[in-house]
Amino acid sequence: QVARAAVRAVAAPAFFPPIAPVSDMVRGHAKEEAQKKNAAKQAAMNKGGSQMEARKAGLKVTCPACKSPMTNYKCLVQHYESKHPKETCPSEEACSA
């Protein structure tokens, strides 16, 4: 047992540089990657801006009875059937905004 303890106590040769723990190197790289990913995500969110212009472009038909905007004439027909059942649905040309 004494001989084994003496063998374990021998220091590493001087030509091997000290090694940093692997977890530090990996976390540093992961942190940089996470920061890059987050920056790209934030840039994508900021360039979107408001959706009001896109909403206005999508709502092309207006109900003449209640001035409710619709996306297309088919939605307007369904709207008339449920909200204005006693009235007749106007033609598609009359409802275009």
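Start with Y80: setting aside neighbours within four places in sequence, Y80 is in contact (heavy atoms within 4.5 Å) with C63, P64, A65, P85, E87, T88, C89 and P90. Y80 also belongs to the largest nonpolar core, a group of six residues that takes in V61, C63, M70, L76 and C95 as well. Keep in mind that this is a predicted model, where local features need pLDDT of at least 70, side-chain atom pairs count only at pLDDT 80 or more, and totals for chains, interfaces and linings use all residues. Residues are numbered from 1 along each chain as its sequence is written, and side-chain values use heavy atoms, with hydrogens and water left out.

**Confidence and overall layout**

- The mean pLDDT (the predictor's confidence in each residue, from 0 to 100) is 78 for the protein, and 70% of its residues reach 70 or more.
- Among the elements, helix 4 (residues 73–83) has the highest mean pLDDT, 93, while helix 1 (residues 2–8) has the lowest, 53.
- Where pLDDT is low, the predicted coordinates should not be read in detail.
- Five helices and two strands make up the element list; these are DSSP runs numbered from the N terminus, with helices being H or I of at least four residues and strands E of at least two.
- Along the sequence the order is α-α-α-β-β-α-α.
- Of the 97 residues, 9% are buried, where buried means under 20% relative accessible area, exposed means over 50%, and partly exposed is in between (1.4 Å probe, protein chains only).
- The accessible surface (Shrake-Rupley method with a 1.4 Å probe; for residues, only the protein chains shown count as cover) comes to about 8,500 Å², and carbon and sulfur atoms hold 59% of it.
- Among contacts with a separation of 6 or more, 18% link residues 24 or more positions apart.

- A nonpolar core here is a set of buried Ala, Val, Leu, Ile, Met, Phe, Trp, Tyr and Cys residues joined through side-chain atoms within 4.5 Å.
- In soluble globular proteins, nonpolar side chains tend to be buried together.
- C95, one of the core residues, sits in helix 5 and counts as buried because its relative accessible area is 2%.
- Leaving out residues up to four places away in sequence, C95 touches K60, V61, T62, P64, L76 and P90.
- C95 and C63 are 32 residues apart along the chain, yet their C-alpha atoms are separated by 6.4 Å.

**Helix 4, one face in and one face out**

- The buried residues in helix 4 are L76, H79 and Y80.
- Looking down the axis of helix 4, those buried residues fall within an arc of 100° (taken from the directions from the helix axis to the C-beta atoms), so they line one face of the helix.
- K74, E81 and S82 are exposed on the other side of helix 4.
- The cover over the buried residues of helix 4 includes strand 1, strand 2 and helix 5.

- H79 lies in helix 4 and is buried, at a relative accessible area of 12%.
- Not counting residues up to four places away in sequence, H79 touches C63, C66, S68, M70 and H84.
- H84 is in the loop between helix 4 and helix 5 (92–95), and is buried too, with a relative accessible area of 13%.
- The side chains of H84 and H79 are joined by a polar contact of 3.2 Å; the term covers a pair of N or O atoms within 3.5 Å, where within protein one must be able to donate a hydrogen and the other to accept it, and residues adjacent in sequence count only if both atoms are side-chain atoms.
- With residues up to four places away left out, H84 touches C63, A65, C66 and H79.

**The loop between the strands**

- A65 is in the loop between strand 1 (61–62) and strand 2 (69–70), and it counts as partly exposed because its relative accessibility is 40%.
- Y80, H84 and E87 are what A65 touches, not counting residues up to four places away in sequence.
- A65 and K83 are 18 residues apart in sequence and 9.7 Å apart in space, C-alpha to C-alpha.
- K67 lies in the loop between strand 1 and strand 2 and is exposed, at a relative accessible area of 60%.
- Phi of K67 is near 60°, a positive value in a residue other than glycine.
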